[in-house]
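Please walk me through this protein model. I am new to it and would like to know what to look at, step by step.

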Amino acid sequence: IAATQPSTDWHLKENAREHHTSKFSSEELIVRRGQAFTVTFNGTERPEQNLIFIAETGPKPSKATKTLATFDISSTASKEGWSAVLQSSSSNSVSISISSPHNAVIGRYRLSVQSGSSSPTSLGTFVLLFNPWSSGDDVFLPNKSECEEYVLEEFGIIFAGNKNRISSFGWNFGQFQGDILNICLSIMDRSLYYRQDPVTDVSHRHDPRYLGRVLSAMVNANDDQGVVLGNWSGKYEGGKNPSSWTGSGEILQSWKKSGFKPVKYGQCWVFAAVLTTVLRCLGIPTRTITNFSSAHDADGNLRVDEFYDADGNHLERGADSVWNFHVWNESWFTRNDLGPSYSGWQVLDATPQEQSGGIYQCGPASRYAIKEGEVDLDYDSTFVFAEVNADCMYWNYDSATGKKTLIFSKSTEIGASISTKAVGRDDRVDVTSDYKYEEGSAKERDTFKKARKKLGLEDKFDPTAPKLEEIEQKPDISGKFKVAGSLEVGKDLNLLLVLENLQSDAKTVNVNMTAWSTLYTRRRVNQIWKDSISVTLAPKEEKQFPIKIKYPEYQQQLTTDKTIQVTALCHVEDGIQVLVKRNITLDNPAIDIQVLGEAKVNKEVLVEVVFTNPIDMEVKDCVLQVEGSDLVQGILELRIPPLKASEKSSTKLKLTPSEAGPKHLLVNFSCDKFADIKTFKMVNVIN
């Protein structure tokens, strides 16, 4: 006779409170491993007699792969495996406390119960996650406020711009919203690893190291039809401009809705933000990290070569590059494979830059190993070490003869102001000293040499010990670009080229100057301006040459990254060339949010968004996008009428907050002249 289907009470509220999973909006039980949860069910005769529980996950559950556990009622919870302890029983129902091991495979489980010799009856399903609150877990994070920030916080701040001028924008990770958990579970089931061998893949899902690496591959679309398709061309037809996203939810939902087709388009911060959402959702403490002047060392020689022509144009030669900034992730877990000192923050990078093990994945690389130059340790430490430490070589390249001449080299250029959001505050924290010893210190150079040695590079070119043909001559002059005035989209760009004669005799210098709009990766898109001057500098004289690039000159050429590279290649008569360059990031005009009145749970509150057109021409095609977990369902999109020169627009919208606490509202404003003006506002919601 078929057993009657028992009805199960999963004690959703109490279990969620105990397991820090209350923020999920789910009718299914979501709990963390290594911790007990309570379940009550009825429909079994003589309940406590010979009850056997079966918990199983994955396509072919087995005890050997730790994806199947059978356990009966015991008097105390087991430290090792799964266990069940009787809480209470009556004639027709029984309450059980079930515990999973600290190293259980995470994912969706099926739970059934068997009484005596009858066949098992299903109690339903539950989802098991990592547990950073539990000291036995590989992701255990002792500091509770860090658990709140790096697992439970749905709002983040991402740093961008360049090292001279750091900017930031808000991001809605939204890891607890709607269907995100189910989407994260399906990401795991669509990886190449799962497709090749589902049984082995699922059996490795107890290990944050393994999952971090797999998910770094799955968040980009390369190799596996993953979540986000990268595009660094400056042209984004057929998709969304990477700088227009304000949160991960829309991206993950679109991926699912389209039948798991890659979402167009992403750049580094989009990959990092989506990976943050997925890992926080699964319970692995994770944050985004921004590295300024970030090296992409394609050939693994810890050196980045940049080439310029005689006019000072930056040439697209070679695969190396330096980005104004690059965003990756750090996740917190132990490294049993490397040893205790390598545990803690691990670098993961979902941006598809170089292949690792034949596919586009990167990490986990131990941050401690990076700082110590241990570039031979798993995974991808050489690539990450170069991102923050590579030496820069600047070459003059003559396309007619193919001859390259070293202009200068610099060992302190790469890896500046490495930044992340503070715990519990909307501030920037500098973590550069966690990645490397102080620039220019003996310890920093020693670590660099140690890394080169491990890579077998010590006999090849080393900027500190050059060979004859690569010896740098001392330049006769020095130069720099200074900013004069504001750096704002819509305003003229005023710069000063400052040249100084370092010698005690006069020098004649021919200067070729160019300005290009670029992407944040410094890839050139459009030439904006060029000029050349010839100057004579008296002995030890310093001269300033003003440069003005008018708004109408650059307006059409500017990319949505709002970046311009200015170079001056100075040809000194009878001397060596001097390259002066500067990467400039322009600021967007400001946009303002005001909350009118008190924000209360389930009560409407008015919000006003104000934008003033700062330029003396009309702006049109104005769109306002608003999102924020627990404040807005999905994304609000509002069209705004055109604005005349200097005209102010005020848009009022109604919000109905669904949960108390500090929440963040994110706003993105775009029009035909300004792309993706972003701001955020903390809204304190009360009950």
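Lys507 lies in strand β26, which spans residues 507-518. Helices (H or I, at least four residues) and strands (E, at least two) are DSSP runs, numbered from the N terminus. Is Lys507 buried or exposed? Lys507 is buried, because its relative accessible area is 12%. Buried means under 20% relative accessible area, exposed means over 50%, and partly exposed lies in between (1.4 Å probe, protein chains only). Lys507 touches Asp476, Asn501, Val535, Thr536, Leu537 and Val572, not counting residues up to four places away in sequence. Contact here means heavy atoms within 4.5 Å.

A word on the model itself. It is predicted: local features need pLDDT of at least 70, side-chain atom pairs count only at pLDDT 80 or more, and totals for chains, interfaces and linings use all residues. Residues are numbered from 1 along each chain as its sequence is written, and side-chain values use heavy atoms, with hydrogens and water left out.

Now turn to the annotated site. The UniProt record, an unreviewed entry, gives the annotation "active site" to Cys268, His326 and Asp349. UniProt positions are given in the numbering used here, feature names are shortened, and annotations may be inferred rather than shown by experiment. The annotated residues are spread over 82 residues of sequence, yet they cluster in space: the largest C-alpha distance is 9.9 Å.

Take Cys268. It is placed in helix α8, residues 268-282. Its relative accessible area is 0%, so Cys268 is buried. Which residues does Cys268 touch, not counting residues up to four places away in sequence? They are Trp232, Trp323, Phe325, His326, Val327, Thr351 and Tyr520.

Asp349 comes next. It sits in the loop between β18 (344-348) and β19 (365-366). Asp349 counts as buried because its relative accessibility is 2%. Leaving aside neighbours within four places in sequence, Asp349 is in contact with Ser216, His326, Val327, Trp328, Gln361, Cys362 and Glu387. So His326 is among the contacts of Cys268 and among those of Asp349, given that contact means heavy atoms within 4.5 Å. The side chain of Asp349 also has a polar atom 3.0 Å from the backbone nitrogen of Thr351.

Next, follow the sheet. Strands of a sheet pair through backbone hydrogen bonds, either parallel or antiparallel. Two strands pair if DSSP finds at least two bridges between them. Here 9 strands form an open sheet, in the order β1-β3-β7-β6-β5-β4-β8-β9-β2, with mixed pairing. Which are the edge strands? They are β1 and β2 (29-32), and each pairs on one side only.

Strand β1 (residues 8-9) pairs with β3 (residues 36-42) in the antiparallel sense, over 2 bridges. Thr8 has Phe41 of β3 as its bridge partner. Then β3 pairs with β7 (residues 93-99), again antiparallel, over 7 bridges. There, Asn42 has Ser93 of β7 as its bridge partner. Ile30 is partnered with Val127 of β9.

The rings come next. A pair of aromatic rings is described by the distance of the centres and the angle of the planes. Rings of Phe, Tyr and Trp (its six-membered ring) pair if their centres lie within 6.5 Å; planes under 30 degrees apart count as stacked, over 60 as edge-to-face and the rest as tilted. The structure holds 31 aromatic pairs. In one of them, the rings of Trp10 and Phe126 have centres 6.3 Å apart and planes at 50 degrees, so the pair is tilted. This pair links distant parts of the chain, 116 residues apart: Trp10 is in the loop between β1 and α1 (12-18), and Phe126 is in strand β9 (residues 121-129). Trp10 is buried, with a relative accessible area of 12%. Phe126 counts as buried at 0% relative accessibility.

Tyr236 and Tyr265 make another tilted pair, because their ring centres are 6.4 Å apart and their planes at 50 degrees. Tyr236 is in the loop between β12 (228-230) and α7 (249-257), and Tyr265 is in strand β13 (residues 263-266), 29 residues apart.

Finally, one aromatic cluster is formed by Trp10, Phe37, Phe41, Phe53, Phe71, Trp82, Tyr109 and Phe126.

Notes: Polar contact = N/O pair within 3.5 Å; in protein donor to acceptor, adjacent residues only side chain to side chain.
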